[in-house]
Amino acid sequence: MITREQIFRALQTVAVPLILAVVARQLFPDKVEQTPPSLYLPLLADIGFVPRPLPVTYRTDISQLGSYQRVSVLQNATGSPDVTAVLLNWSRFPNVLLIASLLCGPWLDNTVAQVYIWNNHPRMLSYEDLKNTGCPRSKVRIHNAPANQLFQGRFLACAQADTSYCFIQDDDYLIRPEIIQTLRARIAEPDAAPAIHLLPSHEHLSTTLRETHVRSPGASHLSDIHTSSAWLGYGAMVRRYEAQRFLSLMRYLNAADDEMKMADNFFTILSNRVPEVWFDQGFELGGGEPFTVGSEGDERNRNYTIRAAQYLESLTHCGRASCDSSRTIAEQERPRPPYVDLDRSYIPSHGVHAVCCGSACVFETNIRLVPDGMSQVATIATDILTLEHRNTEVLGEDGKSNYLRHPPSNAVDLKADTVFRSFAHATEGDMISLDALTDIGDAREWTAIELVWLVNSATEDILQSCTFGWSSDNVTWHDAAHNPICYDSAREATVDDEQVLLRECSVQMLVGSSALHLRATGRYFRAQLKEDRTERWVVAEVWLRGL
């Protein structure tokens, strides 16, 4: 039988070490990770890359709008971060420090879980090199590659990530925090593309002109071809499993070392999906030694684009890197390779997207940016560059200039002097919408919500011929009861080298009242044209404001 004395001695044996441990912890507490403050925050603030109050009007001395604010829901969101930011380093390490400082800022704490720096430079990096970026040691992961692995490094890094999503960018571009939040919000939706690419207008145009569709001859082929090319370095949100499946495909193809290094040229083409590309709001940093530049870089990219198209032809034909022409397809095994979409169905998208600056939102429109007569049909995938050349001629110099100088991103860039202009006159059914990414009621209770436009006088007339509506799901739409009310603004824009006076037009979309139990809700807000017009759309800014 256990005595009371034995129980007491047993308790002493356990308790004494515990008491000593508590005392020791009080006298010598564990070191808490101390992260030095970022030295780059003042610079980020100077160039407008930290959250700040945004204008609600471009009119002057309008006291009744003093209580209004821009509608931006995601900046107030909370949640566990699930994005790994992947950054390649080669010859622009000062840029890497600035980018890392932005990615580790408190404004992305609910989005970016880790910053993964893939170092292709011979000089080894450690956390000590990044300690003044404001990044905690626990948030930074560095891989010092044994040799310059070029672009495959970003896919290897993403495949190794602990998160479901990867945000990928080069070291010569700066992407605003609210844009990264926007990409994260959209890619997590059930019907979202597995990758979303940000592109400046000249690269967006190239992707558009290269879109290629090849109809298969029949049952002898596994699939039709639907593809184009798009870069990742300007900023791309990618599902981790896409990077893993892509690397699996490249190994399945037994791709050569140089092809692995030029992985960007293969990523979108081999997916057999037309990539989802958005007009960006990028901020070019420059510096260092660019890898792809000049005629040599252009020729290299053309060569690898054709190689990717050749692979895709074989993959959609027989499921292999190359097909044996001496045997019928019935005599060959028909494996289904990873990553390549072999679904014969294809639903074309007529929408164009631009990511907003300042507020977290997406500008969407079906307004044509190119003329009729553009060709997207080819007999073989390797005609992809031929299509681009042919479509460039159809577009013409004036059309190209309009695409590059007046893209949709100009309508949501916080710059009143830049405009989005349509290729041709406004047409019945033209639509412009803003996606707030989640219900506006998630941010706060609103008394009123307005959709606001900064436009020239001709587009003011177009707006008077539009219907306005809001939706929570982009399927069921509710009409707004009010028409646009327009006033002179203090701003001008340059269109065709001429200064154009701008008018500010607002449409009351929603009214809320707690007393009447009316809650202002909605996610999508749009204008849709009811009739053909002779004028072209010219939109300097469009935004949501609320009270």
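Tutor: T305 is found in helix 10, where helices (H or I, at least four residues) and strands (E, at least two) are DSSP runs numbered from the N terminus. A quick word on ground rules: this is a predicted model, where local features need pLDDT of at least 70 and side-chain atom pairs count only at pLDDT 80 or more, while totals for chains, interfaces and linings use all residues. Residues are numbered from 1 along each chain as its sequence is written, and side-chain values use heavy atoms, with hydrogens and water left out.

Back to T305. Its relative accessibility is 3%, so it counts as buried; buried means under 20% relative accessible area, exposed over 50%, and partly exposed in between (1.4 Å probe, protein chains only). Leaving out residues up to four places away in sequence, T305 touches R210, N265, I269, I384 and L385. Contact here means heavy atoms within 4.5 Å.

On a 1 Å grid over the protein atoms alone, a cavity is a set of points where a 1.4 Å probe fits but cannot get out, and lining residues have an atom within 4 Å of a point. Points are joined across faces, edges and corners, and the volume is the space filled by probe spheres set on them. Helix 9 (residues 264-270) gives the largest share of this lining, three residues. By class, the lining has two nonpolar, four polar and two charged residues. The nonpolar class is Ala, Val, Leu, Ile, Met, Phe, Trp, Tyr, Cys and Pro; Asp, Glu, Lys and Arg are charged, and the others, Gly among them, are polar.

Now follow helix 10 itself. It has 25 residues (294-318), which at 1.5 Å a residue should span 36 Å, and its end C-alpha atoms are 37 Å apart, so the two agree. The expected span is 1.5 Å times one less than the number of residues. H317 is found in helix 10 as well, but it counts as partly exposed because its relative accessibility is 25%. L222 is 95 residues from H317 in sequence, yet their C-alpha atoms are 5.3 Å apart in space. After the helix comes G319, whose phi is positive, near 80°.

Next, pick up R210, a contact of T305. R210 is one of the buried residues of helix 6, along with S201, E203, H204, L205, S206, T207 and L209. That makes helix 6 (residues 201-210) mostly covered, with eight of its ten residues buried. The cover over those buried residues includes helix 10 and helix 11 (384-405), plus strand 7 (195-199), strand 8 (212-214), strand 9 (225-227) and strand 11 (276-279).

Strand 8 is worth a stop too. H213 lies in it and counts as buried, because its relative accessibility is 12%. Setting aside residues up to four places away in sequence, H213 touches I225, H226, V274, Y346, Q376, V377 and A378. H213 and D383 are 170 residues apart along the chain, with their C-alpha atoms separated by 9.9 Å.

The chain has twelve helices and 23 strands, and 53% of its 547 residues count as buried. The largest has about 100 Å³ of space and is lined by 14 residues, of which R70, S359, C361, V542 and W543 lie nearest its centre. Its lining divides into eleven nonpolar, one polar and two charged residues, and strand 23 (residues 536-546) gives the most to it, with four.

Conventions:
On a 1 Å grid over the protein atoms alone, a cavity is a set of points where a 1.4 Å probe fits but cannot get out, and a pocket is an open set with protein on both sides within 12 Å along at least five of seven lines; lining residues have an atom within 4 Å of a point.
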